[in-house]
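The points are grouped by topic.

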Amino acid sequence: MTAVEPRADSDAVPDRDLALTVNGRRRRVRVEDRQLLVDVLRDNLGMTGTHIGCAGGDCGACTVRMDGQITKSCLVLAASAEGADITTIEGYSPRGTLDHVQQAFWDLDAFQCGFCLPGHLFAVRDLLDRDPDPGEDDIREALRGNLCRCTGYVNLVAAAGEAARREREDQER
Amino acid sequence: MTTTPTPPHSLRTAPEPDTVPDPPPGAPALHETDGHQPLRRDGDLLLTGRAQFVDDIAPRGLLHAAILRSPHPHAVIRGVDASRARAREEVEVVLTGADAVDLATPLPHFFEPSIVGCRTTEFRCLAVDRVRWVGEPVAAVVASSLAEAEAALADIVVDYEPLPAVLDADEALRDDAPVLFEEWGDNRLGLFPFAEGDAAGKIAAAPHVVRDELRVGRQHVAPMETRGYVAQWEPGGRLTLWASTQNPHPLRTNLATTLGVPEDRVRVVATRMGGGFGHKFNGYGEEPLVCLLSRLADAPVKWIETRKDCLLVGAREFTHRFEVGFDDDGVVLGLADRIVGNIGCLAPWGGWSMTFPAGMTFPGPYRIADYAIESVPVVTNKAPWNGFRGYGKEQAAMALERIMDLIAEHRGIDPAEVRRRNFIPPEAFPFWTAAKHLDSGEYAAALDKALALAGYDALRARQEAARAQGRHLGVGIGFELTPEGGDFAGSFVRGFDTSTVRVHPSGAVSVLTGVTSPGTGNETSIAHLVAREFGIAVEAVGVTQGDTDACPYGFGNFTSRSLATGGAAAVLAARELRERMADAASALLDADAAAFDFRDGAVVSRTDPETSLTFAELAETIYRRGLAAPGLDQPLLEVTRIDLPHNFHHVPDEQGRFSAYPSFPYSAHVALVEVDAETGVVELLEYSAIDDCGVVVSPTFVAGQLYGAIAQGIGGALWEEVPYGEDGAPEAETFKHYLTPRAPDLPTIRLQHQHTPSPFTLLGTKGAGESGVGGAMAALLNAVNDGLRPLGVHAHRVPLTPPVVLDAIVSGGAS
């Protein structure tokens with residue numbers, strides 16, 4: 001952790017330099033101590049694919065992968081992320097490509113407005129990395145932390161299963 | 001004041017079109033064409049985080065706004081002292097209600113209540129001398145960051161004198177209730193009566209009568225993206241507002257009025273929408289407010305609604321007191337329902353008018369000659385409503401379907417059979433009720449398909465076996481009629497819309513349309529329809545929506561009308577262009593214009609397939625040689641059309657019947673639940689549904705919207721509610737309290753389709769998008785009550801949360 005250097009002006013908002021790796025690139029930003037990681041990703045680093053649906057950890061639209069763990073970035077103070085390796089939806093798959101989860105989501109119409117989509121993609125990716133052949137209940141449970149208001153989750157669940165199937169098929173080749 | 005029980009005057013003065021459009025020659029019927037449906041447009045952008053929503057708009061020099069809201073449900077504002085806030089270094093602007101009076105006129109209503117014979121009043125973008133709900137905007141701050149703006153709110157001192165408040169609609173109707181708008185004398189906004197025959201007489205003479213009450217709690221839309229606006233003025237006085245709104249053109253018109261700016265100098269850009277469902281109908285004070293703040297700050301200003309503020313906006317708080325008379329066979333002889341809607345405080349946003357379809361939708365899919373429905377919107381000191389998918393139609397579904405089950409229970413007849421005995425038969429269409437001209441329907445067939453899909457007989461057998469073990473399984477049927485595409489002359493809620501189709505020299509095609517998409521896919525479907533007309537690849541058709549500088553005037557997104565209006569208009573424009581292009585091809589190729597097919601990217605002679613031009617060659621030739629070559633005398637490859645009128649009946653007939661809605665999709669639902677009688681917890685085990693919205697352009701998108709609507713209905717039936725505390729403040733401020741369904745809460749919804757075309761629309765389509773909410777709410781309500789049946793109690797309070805269900809069990813069903 002970087003030490004906070006108190007400034008002469010007592011009204012000044014404490015801030016600090018923060019070093020992060022975002023989507024494989026080393027980034028250095030000046031952040032206020034009170035800033036949430038999601039705000040730094042969106043406002044300071046321009047990663048606006050990370051969405052704010054509730055700012056309280058309920059909806060999952062702000063999900064990123066942080067040091068290998070899927071994380072709701074509205075629940076993380078940016079100052080606590082010093083040195084973290086973060087993947088946002090923009091870096092979820094190599095630029096210009098879609099992974100099996102993304103492609104299955106598109107093929108099976110698993111999203112409508114798409115606002116909650118980053119969180120659902122990360123949650124399914126995380127599940128499939130742990131379990132290549134999840135059942136419906138496993139998928140639904142993996143999506144528990146992510147709200148969607150458009151789809152009723154029907155096609156989301158189906159797309160997660162289809163992505164798993166396509167990945168297993170790839171493995172067998 | 002007494003309101004008059006007559007149809008709204010504007011409905012009587014509007015024109016009376018009732019034409020059945022002829023299918024144009026040579027147009028392929030939808031079901032005859034490709035089974036291929038294009039994937040959702042811009043899916044790759046959304047999947048990779050590169051799609052832009054309103055909060056992603058950040059012009060250089062952007063400042064941020066925060067809004068101070070009333071902590072009181074009812075109070076006089078004696079004064080506002082903003083001096084300390086203004087003195088803060090980071091603060092650029094502080095605006096109070098008194099300051100704003102000279103800067104903006106009162107706000108135009110999304111739906112002016114007086115159009116339908118209701119009382120009305122004026123509202124401003126910030127409260128001036130009185131607040132009437134917790135959360136009402138009182139002052140606004142602009143600062144360099146949102147955190148600084150929010151911090152400065154604490155430095156604004158408002159001197160309130162609290163007044164008595166009323167939160168309950170029944171209490172608000174009492175003589176001694178606090179009155180919200182003194183000039184009205186009481187709290188009743190109006191009265192919508194819908195009646196035919198002699199309901200009271202028929203009920204009095206009926207061999208069997210059931211009377212009961214059904215209460216529905218205050219619910220909320222909860223789109224994943226909240227509202228937001230970014231305003232920017234150019235030095236020359238032009239205003240751009242980026243807005244997460246469902247109605248960009250009407251919003252522009254209203255901004256021009258409110259701000260005193262010529263309408264052509266206002267540009268509204270409806271950004272990609274993260275869900276609307278009615279929450280983003282225009283009329284909010286924040287719309288002109290953010291523009292004012294930007295003008296005062298001389299910089300772009302952004303305001304994004306917090307989730308807590310979003311949850312202020314209400315819907316669906318209704319009480320039904322119904323009475324039904326029926327014969328030994330369960331056939332309804334007379335029906336009455338007095339519906340009271342607690343609309344919160346009136347506001348310029350549109351939601352209060354959900355009380356109209358709540359009554360109008362009766363008697364739903366049933367042939368009931370004698371009925372008397374009254375729907376009464378009542379103002380209270382809760383926050384106002386805005387639209388919520390279902391728009392009141394779900395109320396009729398819940399009450400009617402509950403009534404069908406109560407009749408079944410009373411007579412010992414299967415609930416499905418009671419419905420069959422009361423449905424309007426297929427041969428009776430088109431069918432008139434007091435305020436609907438129903439287009440077409442095969443209701444019994446849809447119900448029977450739903451029962452088959454659900455395995456109804458097997459469910460009943462499972463239920464019997466479970467009951468023998470003391471478990472409370474419940475099977476519920478819900479049938480929903482969903483009036484769609486409403487047209488209310490005098491408002492901007494219109495039943496038509498406008499599209500422009502433009503063919504470029506390269507053969508690329510642009511569609512510019514007045515309908516917008518809340519994320520449901522109509523842009524993909526409109527491109528699909530236009531590509532079919534030209535026989536070109538769907539990828540060659542671009543669709544622009546929501547930008548008032550680019551698109552023809554239109555009304556946006558509501559009441560499941562996008563394809564029937566904007567889509568049909570685009571098809572008509574494309575057909576006109578096709579004729580022009582065929583004429584040109586005829587001149588160039590010396591062939592009969594009527595004998596050209598547009599297919600596979602080419603314009604091909606039907607008699608000689610060798611005689612052809614590519615679509616692009618033809619387009620370019622018309623641009624390059626038009627007016628210069630013989631026969632190429634119409635080089636304008638751009639056409640703007642509105643859709644044809646269909647099944648509107650604004651002028652009442654000799655019996656006083658009128659129909660403001662042209663299209664009547666319906667759906668049948670079957671739910672299986674288990675009720676835990678010890679905890680009151682309801683688990684939804686299985687769900688099946690059949691929908692019928694006529695001809696379908698994009699089956700995947702129709703299904704997707706139904707899944708979403710059904711999930712919203714399930715949430716509304718079982719979990720979703722915004723309770724109010726005695727202090728007059730809403731208690732659900734986050735998704736920890738407002739419980740929308742999560743993936744593990746729901747089973748996979750089984751869905752199949754039936755297609756009964758509308759005889760009145762260009763494409764045979766009926767509205768799609770809203771259907772499913774009411775059927776789901778009704779099916780769950782009936783399923784839970786069916787589960788409770790061995791206990792001899794009813795639960796008539798929605799949502800059916802564990803405390804509600806337990807209370808029903810303990811108190812014996814007393815409401």
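UniProt, in an unreviewed entry, lists residues 48-164 of chain B as "domain: Aldehyde oxidase/xanthine dehydrogenase a/b hammerhead". The model shown is predicted. Over residues 48-164, chain B is 15% helix and 30% strand.

**Annotated domain in chain B**

**Contact between chains A and B**
- On the chain A side, 44 residues are in contact with 42 residues of chain B.
- Four helices of chain A each supply at least two residues of the side that touches chain B: H2 (100-107), H3 (117-130), H4 (136-142) and H5 (154-172).
- H2(A) gives the largest share of that side, with four residues.
- By residue class, the side of chain A that touches chain B holds 22 nonpolar, twelve polar and ten charged residues.

**Strand pairing in chain A**
- Strand E3 (residues 63-66) of chain A runs antiparallel to strand E4 (residues 69-72) of chain A, and four bridges join them.
- Within this pair, Met66(A) is placed opposite Gln69(A) of E4(A).
- E3(A) and E4(A) make a hairpin with two residues between the strands.
- Asp67(A), in the turn of that hairpin, has a positive phi of about 50 degrees.
- E3(A) also pairs with strand E5 (residues 85-87) of chain A, in the antiparallel sense and over two bridges.
- Thr87(A) in E5(A) is the bridge partner of Arg65(A).

Key
Residues are numbered from 1 along each chain as its sequence is written. Chains are lettered from A and ligands numbered from 1 in the order in which they are written. This is a predicted model: local features need pLDDT of at least 70, side-chain atom pairs count only at pLDDT 80 or more; totals for chains, interfaces and linings use all residues. UniProt positions are given in the numbering used here, feature names are shortened, and annotations may be inferred rather than shown by experiment. Two residues are in contact if their C-beta atoms, placed from the backbone, lie within 7 Å. Ala, Val, Leu, Ile, Met, Phe, Trp, Tyr, Cys and Pro count as nonpolar, Asp, Glu, Lys and Arg as charged, and the others, Gly among them, as polar. Two strands pair if DSSP finds at least two bridges between them.
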